[in-house]
Amino acid sequence: MRVLLVEDDEMIGQSLQRALEANGWSVDWVKEGLLAQSALADGGYACVLLDLGLPKLDGTEVLRKARAQGDRTPVLVLTARDGVDDRILGLDIGADDYLIKPYEFRELLARMRAVIRRRDGAAHSIIGSDALGLDLTTREVLVQGERSQLSAREFALLHALLERPGAILSRDQLESRIYGWGEEVSSNAVDVLIHGMRRKLGAEAIRNVRGLGWRIAAASVGV
Ligand code: CA
């Protein structure tokens, strides 16, 4: 899955990017507010990690404007500001959660999972149906209760499809959910991924809709 990292501190940004990538995330890192705004407008992020003190446009303004435009991407504010007022302001203008620096990386990952899960409307860590579910904590797929591990890209793709069960997602929409900036994406990358996933999920779980894209099969959605 893709995360937008908004952080102007070079050292913090670099170490976060490395740690997140080591945990299977595709990371797009921007260092000022205006770029954060345009990256958010492009969409495709499972989550945003937002520093508040930023050059050009403050993090609170980035968030306020995104929410005013109806952007519902989960936002986790990372801030050195430990003032109660800053925290309240952040939550009031639409942050889903916040962490005060310094924090433990494990806690950051857990909070990212939690805000994404809440946005999916799931109180538990499993989304989808009994026939086809996805465990957001372990990154395993459940096919009729049988668990198997997914790669980071398979996970991102299935998460995108299960988030909107029954909806058809185009190649562009799927690519924007799986690959970060500057990643080399071959023209048949999505086909290759789905081909591999059918071995784990069953041949019929992901249906191709000719010329339009892919969707989860009705039988797997549980409708
Ligand atoms: Ca800063």
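Is Asp8 buried, exposed or partly exposed, and at what relative accessibility? Asp8 counts as partly exposed, because its relative accessibility is 33%. This is a predicted model.

**Calcium site**

The calcium ion has three protein donors: Asp8 (OD), Asp51 (OD) and Gly53 (O). They lie 2.2 to 2.4 Å from the ion. Asp8 and Asp51 link distant parts of the chain, being 43 residues apart. Asp8 sits in the loop between strand 1 (2-6) and helix 1 (10-22). Asp51 belongs to strand 3 (residues 47-51). Along the sequence, the donor spacing reads D-x42-D-x1-G.

Asp51 has a relative accessibility of 5%, so it counts as buried. Asp8, at 33%, counts as partly exposed.

**Overall build**

The protein holds nine helices and eleven strands. Its radius of gyration is 18 Å, close to the 17 Å from the globule rule for 223 residues, so the protein is as compact as a globular protein of that length. Along the principal axes, the C-alpha atoms fill a box of roughly 50 × 35 × 30 Å. Of the 223 residues, 48% are buried.

**Largest pocket**

Rolling a probe the size of a water molecule over the atoms shows where empty space is left. The largest pocket has a volume of about 470 Å³. Its lining counts 20 residues. Nearest the centre of this pocket are Gly44, Tyr45, Glu163, Arg164 and Arg177.

Several helices take part. Helix 2 (33-42), helix 5 (105-119), helix 6 (152-163) and helix 7 (171-178) each supply at least two lining residues. Helix 7 gives the largest share, three residues. By class, the lining has eight charged, six polar and six nonpolar residues.

**Second largest pocket**

The second largest pocket has a volume of about 170 Å³. Among its lining residues are Met1, Asn23, Trp25, Leu136, Thr137 and Phe155. The lining also includes Leu109, Met112, Arg113, Ile116 and Arg139. Which helix gives the most to this lining? Helix 5 does, with four residues.

Domain 1 (2-119) and domain 2 (126-221) each provide at least three residues of the lining. The class count is seven nonpolar, two polar and two charged residues.

**Backbone features**

Arg139, one of the residues lining the second largest pocket, has a positive phi near 60° although it is not a glycine. Arg139 lies in the loop between strand 7 (132-135) and strand 8 (140-143). Its relative accessible area is 18%, so Arg139 is buried.

Gln144 also has a positive phi, near 50°, and is a residue other than glycine. The loop between strand 8 and strand 9 (146-149) holds Gln144. Gln144 is exposed, because its relative accessible area is 62%.

What kind of peptide bond joins Lys101 and Pro102? The bond is cis, with omega about -5°. Pro102 is in the loop between strand 5 and helix 5.

Ile100 has a relative accessible area of 26%, so it is partly exposed. Arg72 is found in the loop between helix 3 (59-68) and strand 4 (75-79). With a relative accessible area of 58%, Arg72 is exposed.

Two C-alpha separations are set out below.

| Residue pair | Spacing along the chain | C-alpha separation |
|---|---|---|
| Ile100 and Pro74 | 26 residues | 17 Å |
| Arg72 and Asp96 | 24 residues | 9.8 Å |

**In brief**

The calcium ion is held in the model with donors from Asp8, Asp51 and Gly53. Arg139 is buried, whereas Gln144 is exposed.

How values were computed: Residues numbered from 1 in each chain as written. Predicted model: local features only at pLDDT ≥ 70, side-chain atom pairs only at ≥ 80, totals over all residues. Heavy atoms only, no water. 1 Å grid on protein atoms, 1.4 Å probe; cavity = no way out; pocket = protein on both sides within 12 Å on 5 of 7 lines; lining within 4 Å. Points joined across faces, edges and corners; volume = space filled by probe spheres on them. Nonpolar A, V, L, I, M, F, W, Y, C, P; charged D, E, K, R; others polar. Domains from an automatic or database assignment. Donors = N, O, S within 2.8 Å, 3.2 Å for Na, K, Ca; no water. Buried < 20%, exposed > 50% of the residue type's maximum accessible area, 1.4 Å probe, protein only. Rg over C-alpha atoms; globule rule 2.2 N^0.38 Å.
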